[in-house]
Amino acid sequence: MSLAWFARRLLLMVYTVIVVSMLVFAITQVLPADAAQSLLGENATPEMLAALRAKLGLGAPAWQQYLRWAGHVFTGDFGISMRTSQPVGPEMLSALSRSLLLAASSILVTLVVAVPLGVVAALRQGRLADTGVSLIAYLGVSLPEFVTATLLALLLADTLHWLPATGYVSPLEHFGDGISHLALPVLTISVILIAHVMRMMRSETLDVLKSDYIRAARLKGLPERSVLFRHALRNALLPVVTIIGLDVGYLLGGIIVIEEIFAIPGIGRALMVAIAARDLPSIQAGALIMAATYAVTNTLADMAYAVLDPRIRYD
Amino acid sequence: MIELFVRLIRRPQGLVGVTLLALIAVACLFGQALAPYAPEKIDFLGRFRPPGWQNWLGADQFGRDILSRLMVGARSTVPMALIATFVGSAAGAIIGVGSAYLGGRTDEAIMRTNDAVMAIPGLLLALLLVSTLGNGAGNAVIAIAVAFAPGMARVTRSVALNVRNQDYVKAAIARGEGAAWIIFREMLPNVMAPIVIESTIRVSFAVMLFATLSFLGVGAQPPASEWGLMVADARQYMYQAPWGLIVPAAAIALTAIAFNLLGDGLRDALNPKDER
């Protein structure tokens, strides 16, 4: 029973990646009436156009073009970048590794800050601490990333000179320098995620505290601390796993802007550069890798949830 | 309708949301007429003038009045987000209700595909579409609408599944009504409330997404004083003139907050029982 559930979930993931690859391909290569023209611009000579059309296989029906591309991608060949003439795959994957470092650090910071704050807000429902936390949460979800990023840079880099404003240093090479360069982008992403997770944590804790088993634990005479930590928190934390999985999707979108602003050579920035240069193979690879990353993390989050809460597997 | 409005503004969050939105609406409708200066009026003596009696919210790198640019820019920011949300929600609602009506394996296939499309982050999908369609405010609106549709389809479908099992829908099927009639005349009107609430909250995302696209240079184009564009312009000078940055940023945030508050307020007003 449970094995079948996991198999089904994996199948869904594969389906998702296939649909996404079709969509990415359709938008980038099929939708433009003449992809070669739009790639090379108005100054292209007929010879250049013909050469590019042949290279992209634009003469063939759309589904044949797609199958050819998908076949190459399946074997790990994302094509040659039109900007740098280097293979796209390795370039994108190393960019992805920097983005994932950024994402993982942000999620870590978010969990450490948001979970306690959400619980405090729930315990002091309607009081000052709760109102304060809710207000901050509202602000967090109402500021676009580029605004949060710019304001934080203005405050922490330009005015207080605490942190470097832009750039990337690998923490593997220079740990301290790497961390200080990561601090602003991580802070920016965390502000938004914290708002999200905190709201969730607050309402979950409120729900759990109203449940029968908490009342039973209290009536049994358990000390409040043990009711809270052993009974309430364990259950309230469960949905956070799902929320984090879903937030990765948001994160990957937000990361495009964050990396652009803080000049971090991650996959978001690689994609923006590719779009600006009309570098078709890089655009396709970047978009597909980002969406596939989301599909994978979302599946992992679902599976983690199913392991933690077996009821899910029997729905 | 009036009763709903009264219930909405009785709560502080609803009242604040409605008041903010009224201000924004005034700026959109009469911003051009009410602005103290022309938004493009260059004043080299007043470059980077801090907020004061001459320029209430300060001046930018060309000495242009930021308040005036903000008021005129409201029209190139907020209505765009509204249109994008409306189109995206309508498309999503039709997909969601249609899927629930068809039911069974078709429903399953549609929703799985819909979920798969949602694996592409909204901003990424919008960026891809705009890069294909070409930069500009109109294409950004289309892109946002497309990016919003799957999310709305999912929300709508979950509500529509309940409606599908109601007797009046079964009666319509028994009468031999066509699919279009059942979807548009029987089911859609009965899923409107949750759609309206969800879309209201989504307008705030649309405002942010549209401003982000403009900020990245692919949405509204200069010389429009769209708010995201104003932030992008002011970033270079943010140390000399932080007000140039903070004012449009605050305008975006307040607009997003206003729609969030209205959405939350509507939800409370429509479901008085839910006290959370």
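Predicted model: local features only at pLDDT ≥ 70, side-chain atom pairs only at ≥ 80, totals over all residues.
How many residues does helix H4 of chain A have, and how far does helix H4 reach from its first C-alpha to its last? Before the answer, a word on conventions: residues are numbered from 1 along each chain as its sequence is written, while chains are lettered from A and ligands numbered from 1 in the order in which they are written.

Helix H4, residues 62-74 of chain A, has 13 residues and reaches 18 Å from its first C-alpha to its last, close to the 18 Å expected at 1.5 Å a residue, where the expected span is 1.5 Å times one less than the number of residues. Just after H4(A), Gly76(A) takes a positive phi of about 90 degrees.

Chain A as a whole comes to 12 helices and 0 strands, where helices (H or I, at least four residues) and strands (E, at least two) are DSSP runs, numbered from the N terminus. The C-alpha trace of chain A spans about 85 × 60 × 35 Å along its principal axes. Of its 315 residues, 39% count as buried, a word that applies when 20 or more other C-beta atoms, placed from the backbone, lie within 10 Å of a residue's own. Among the contacts in chain A with a separation of 6 or more, 70% are between residues 24 or more positions apart, two residues being in contact if their C-beta atoms, placed from the backbone, lie within 7 Å.

Val115(A), found in helix H5 (residues 88-123) of chain A, gives a local view of this chain. Val115(A) is buried because 20 other C-beta atoms lie within 10 Å. Leaving aside residues up to four places away in sequence, Val115(A) touches Met201(A) and Val240(A). Val115(A) and Met200(A) are 85 residues apart in sequence, and their C-alpha atoms are 9.1 Å apart in space.

Turning to the partner chain, 35 residues of chain B are in contact with 36 residues of chain A. The elements that give two or more residues to this side of chain B include helix H9 (192-215) and helix H11 (242-270) of chain B. Chain B averages a pLDDT of 85, with 98% of the residues scoring at least 70, and the predictor gives the complex an ipTM of 0.84 and a pTM of 0.86.

Definitions and conventions: Buried ≥ 20, exposed ≤ 12 C-beta atoms within 10 Å, placed from the backbone. pLDDT = per-residue confidence, 0-100.
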